[in-house]
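Subject: Structure for your review

Dear colleague,

Please find below the structure that I am handing over to you. My findings follow it, and I would ask you to read them with the structure open.

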Amino acid sequence: MEWFDKLKKGLSKTKDDISGKIEQVFTFNKEINDELFDELEEVMILSDIGAITTETIIDRLKEKIKAEKLTSSEEAKKALQDIIVEMMGKGTQNIKPEKLPAVYLVVGVNGVGKTTSIGKMAYYLKNNGYSVMLAAGDTFRAAAIDQLEVWGNRCHVDVVKHTEGSDPAAVIYDAIQSAKAKNIDVLICDTAGRLHNKKNLMEELKKINKVIEREYSDAYKQTLLVMDATTGQNALSQAKEFIEVSDVNGLILTKLDGTAKGGVVVAIANELNVPVKMIGIGEGIDDLQEFNPEAFVKAIIN
Ligand SMILES: Nc1nc2c(ncn2[C@@H]2O[C@H](COP(=O)(O)OP(=O)(O)O)[C@@H](O)[C@H]2O)c(=O)[nH]1
Ligand SMILES: [Mg+2]
């Protein structure tokens, strides 16, 4: 299946809703007037684009309509598409390492899809010719370690683990030694997201980062934040908190198959200074896609 088709299929719920609604605004209002802007604003906010980004987009749309003397709503729709594409940036994003060896630290709150995404990332990277190893840095529950092992078996990659309740930084330490010994290209580290407060989480991540910097200073290091698209604007505020406390290099946006909204992707592009690298569009092993902003915009406005 072509990747564009797959993205479209994965976004089908998003498409029926956000895109269907945007389409309706432009079909019902043939002329450009206040009603069109009001309806557009409402649809965009309801689709998780959020008030701040919606306002920015509507303002730019009004300016563009004026500057280019657009008169039909069809032209306005095209202008809207251009504005959002410009906001999102061009070029396909992915998680291929810029140099080797690489170490990826995967962070995010509980339940967003970290462990599942790590499994899919391992599969994706292996398919692209990289050797991969996983580190079970979420030691909070035995089930979390088992879950990562299941993914390791599925992808035929080694998983370095300790027992439940052990120190995550020690797991990462061992995994780094093992990755070095086996000449692994990419080591992906799982982490817990269920620490009860921000201070604890910060301290744990700090400790892990210290180990990585000390033991693997030459490695290409990336901190990837996983966000659940179905939580809309909440995902955005969670992300802002993580970005405040750690250097996040990229975002993995999961569960885009599970939301009829999807506008949060646009809000992320406008409000966070971190690129979306990959998107999750299902629970299967190959349901993690490289992110192409332009294709995404075309899937929601056409
Ligand atoms: N539909 C769908 N479900 C997902 C996706 N990514 C993760 N999940 C599900 O979300 C749930 C939580 O995932 P998990 O990886 O355990 O989250 P973690 O706590 O962040 O490690 C699981 O049931 C996953 O199968 C996705 O892209 N689409
Ligand atoms: Mg997990």
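Is the crossing in which α4 passes α5 left-handed or right-handed? Please bear in mind that this is a predicted model. In it, the crossing of α4 past α5 is right-handed.

Helix α4 covers residues 51–67 and helix α5 covers residues 73–88. Their axes come within 10 Å and cross at roughly 125°.

The contact between the two helices can be followed residue by residue. On the side of α4 it involves I57, R60, L61, K64 and I65. These meet A76, A79, L80, I83 and I84 in α5. Sorted by class, the residues of this contact comprise eight nonpolar and two charged, with no polar ones.

I turn next to the protein as a whole. It is divided into domain 1, residues 3–88, and domain 2, residues 102–291. Taken over C-alpha atoms, the centres of the two domains are separated by 33 Å. Where they touch, 21 residues of domain 1 are in contact with 19 residues of domain 2. On the side of domain 1, the elements giving two or more residues are α1 (3–10), α2 (12–28), α4 and α5. Of these, α2 gives the most, with five residues. That side of domain 1 has ten nonpolar, six polar and five charged residues.

Yours sincerely,
A colleague

Conventions. Residues are numbered from 1 along each chain as its sequence is written. Chains are lettered from A and ligands numbered from 1 in the order in which they are written. This is a predicted model: local features need pLDDT of at least 70, side-chain atom pairs count only at pLDDT 80 or more; totals for chains, interfaces and linings use all residues. Axes are lines fitted to C-alpha atoms, for helices over the stretch in contact, and angles run from 0 to 180 degrees between N-to-C directions. Helices (H or I, at least four residues) and strands (E, at least two) are DSSP runs, numbered from the N terminus. A crossing is left-handed if the near helix is turned anticlockwise from the far one by less than a right angle, and right-handed if clockwise. Two residues are in contact if their C-beta atoms, placed from the backbone, lie within 7 Å. Ala, Val, Leu, Ile, Met, Phe, Trp, Tyr, Cys and Pro count as nonpolar, Asp, Glu, Lys and Arg as charged, and the others, Gly among them, as polar. Domain bounds come from an automatic or database domain assignment.
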